[in-house]
Amino acid sequence: MEVFYYVVFGVLGIVVAALELSKNNKDRINTSSAFTSFKNNYLVVYSLMMAGDWLQGPYVYYLYSTYGFSKGDIGQLFIAGFGSSMLFGTIVGSLADKQGRKRACVTYCITYILSCITKHSPQYKVLMVGRVLGGIATSLLFSSFESWLVAEHNKRGFEQQWLSLTFSKAVFFGNGLVAIIAGLFGNLLVHSFSLGPVAPFDAAACFLAIGMAVILSSWSENYGDPSDNKDLITQFRGAAVAIASDEKIALLGAIQSLFEGSMYTFVFLWTPALSPNDEEIPHGFIFATFMLASMLGSSLASRLLSRSSPKVESYMQIVFLVSAASLLLPIIMASLVAPSKVKGGGISFSGCFQLLGFCIFEACVGLFWPSIMKMRSQYIPEEARSTIMNFFRIPLNIFVCVVLYNVNAFPITVMFGMCSIFLFVASLLQRRLMMIVDKPKTNDWTPLNERNTEDDPLNV
C-alpha cells in the first residue's frame, strides 16, 4: 500500500483527535445524569444497528459475484432493494406511527436478520427475497429509530438542545467509528480467517440480535397519532397535507432527497473514478478513510450544534456548496490531466487529488446527518414523523434506481456533474429555508381525524 494512503488517513485521524480533545465548555452541553444514561443507551443500540448494516455493505456485490451472477443480474438485485425500500418500506415505516416506534425498531432487526440468512442461498429468487427484506429494513433504520428517539426525548422532558448532542454522537460513532471497525472486522473474517464472503452477514445478524435484545429489555413504546379511526391511507393523506401546508417541511424533504441521492450515487462512482484504468487501490482502506472523514464532519457538527450561532439553517448552505465543489474535482482533473492508457499500477496523480476531494465530500456527509436530524426534529410534526420521513425517501429511491439502471449509459464526469448540480440546488433551497425559518406555516397541520373532511383539499 502506498504511503499516500497512510498519510491521508493519519492526517485525518490527528485532526479528529485534536478536535475532540480541544473541546471547551462552549463546545459542550451541560446535561443531567438521567439524560446521559438515556443517550448512552440509545448510542449502544444505534451503534449495534449500524454495525449490522456496515458489515454487509462492502460484501454484497462480492457475494453475488462469487455465486456466479452477471453484472446485469446483480444490478437487478440492487434495484430490487431500493424499489422495495420505496414501496414496502414506506408502508411498513408508516405503520410505526400507528403501531409504535419500538415495535418498528424490533421489526427492523427481525427483517434484516432474515435478509442476512438468505445470503447463504445461491438461488436467485431467494437472494431477491433477501434484497426486498433488506430494502424494508433500510427504510425502518432511517426513520423509526430517529422517530423513537425524538418522541422519547420529549416525553422525558429533556431540553431540546440536548437532542443535537445525541444526533452528533450517533453519527460520530454509528456512521464513523463503527463503520471503520466493521470494515476492518469484515476484512478479518473474510480474508484473515478465510470464512468466506457470507461470514460478515452472519456477524451482522449476531449484532442485530444483540441490539434487539437491548431494545426489548430497556426501551419503552411511543407512538405518533394512535387514534383508532386512522387507517394507512388516511396517514398517507395526512402526511401529504402536512408537507403541502408547510413550506419548511417540503423544502426539507427536497434538500434531503437531493443530498442523499448524490451521496448514494457517489457510492457507485468513487471506485471507477479512482481506478479508471484498473489501478490497484485498497478499497477497504479507502472506505475506512472516508469514514474517518465523516467522523471529522460529525465532530464539527457537534461543536456547531452546541452553540446558538451560527444556526444550522445558515451553515448548511456552505456545507452544500463545499460538497458540490468537491464532486467537481473529477471533471476538473479530466480536463487538466490527459487520461492515461496504461492499465494497472498504483493510483494516479489525478486520483490522489480526487481522493482528497472525496474526503472533503465525506466530511460534508458527516456534517449533514446530525444537522438534518436536528432540522427534522424541529419541523416535522410528531403525529406523522415516520410517515413523512419515509415520504422523503420516495424520490430518493426513484433517483437511485434510475442511476443504477443507467450507470453505464453516461460518462462518469456527467454523473459527477449531475450530482454537483443537485448539491448546488440543495444549497439554494437551504437558503430559502433559512429565510422562512421564522415564518408561520400557511395552514395549521392537525391530524386528519380532527379535520372536517369536507374541507380537506385532498378529500376527492
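A nonpolar core here is a set of buried Ala, Val, Leu, Ile, Met, Phe, Trp, Tyr and Cys residues joined through side-chain atoms within 4.5 Å, where buried means under 20% relative accessible area with a 1.4 Å probe, protein chains only. The largest such core has 140 residues. Keep in mind that this is a predicted model: local features need pLDDT of at least 70, side-chain atom pairs count only at pLDDT 80 or more, and totals for chains, interfaces and linings use all residues. Residues are numbered from 1 along each chain as its sequence is written, and side-chain values use heavy atoms, leaving out hydrogens and water.

**The core**
- Met49, Tyr108, Phe145, Phe290, Phe358 and Ile388 have the most contacts inside this core.
- Helix H15 (residues 349–379) gives the most to it, with 14 residues; helices are DSSP runs of H or I, at least four residues, numbered from the N terminus.
- At least three residues come from each of domain 1 (38–226) and domain 2 (230–439), with bounds from an automatic or database domain assignment.

**Around Tyr108**
- Setting aside neighbours within four places in sequence, Tyr108 is in contact with Met49, Asp53, Ala137, Leu140, Leu141, Phe145 and Leu208 (contact: heavy atoms within 4.5 Å).

**Helix pairs**
- H5 (residues 101–118) and H9 (residues 199–218) pack at about 160 degrees, axes 9 Å apart; axes are lines fitted to C-alpha atoms over the stretch in contact, and angles run from 0 to 180 degrees between N-to-C directions.
- So H5 is roughly antiparallel to H9 (over 145 degrees).
- Tyr108 of H5 and Leu208 of H9 are among the residues making that contact.
- H11 (residues 247–274) and H15 pack at about 155 degrees, with axes 11 Å apart, so H11 is roughly antiparallel to H15.

Note on methods
Buried < 20%, exposed > 50% of the residue type's maximum accessible area, 1.4 Å probe, protein only. Helix = DSSP H or I, 4+ residues; strand = E, 2+ residues; numbered from the N terminus. Parallel < 35°, antiparallel > 145°, perpendicular 65-115°, else oblique.
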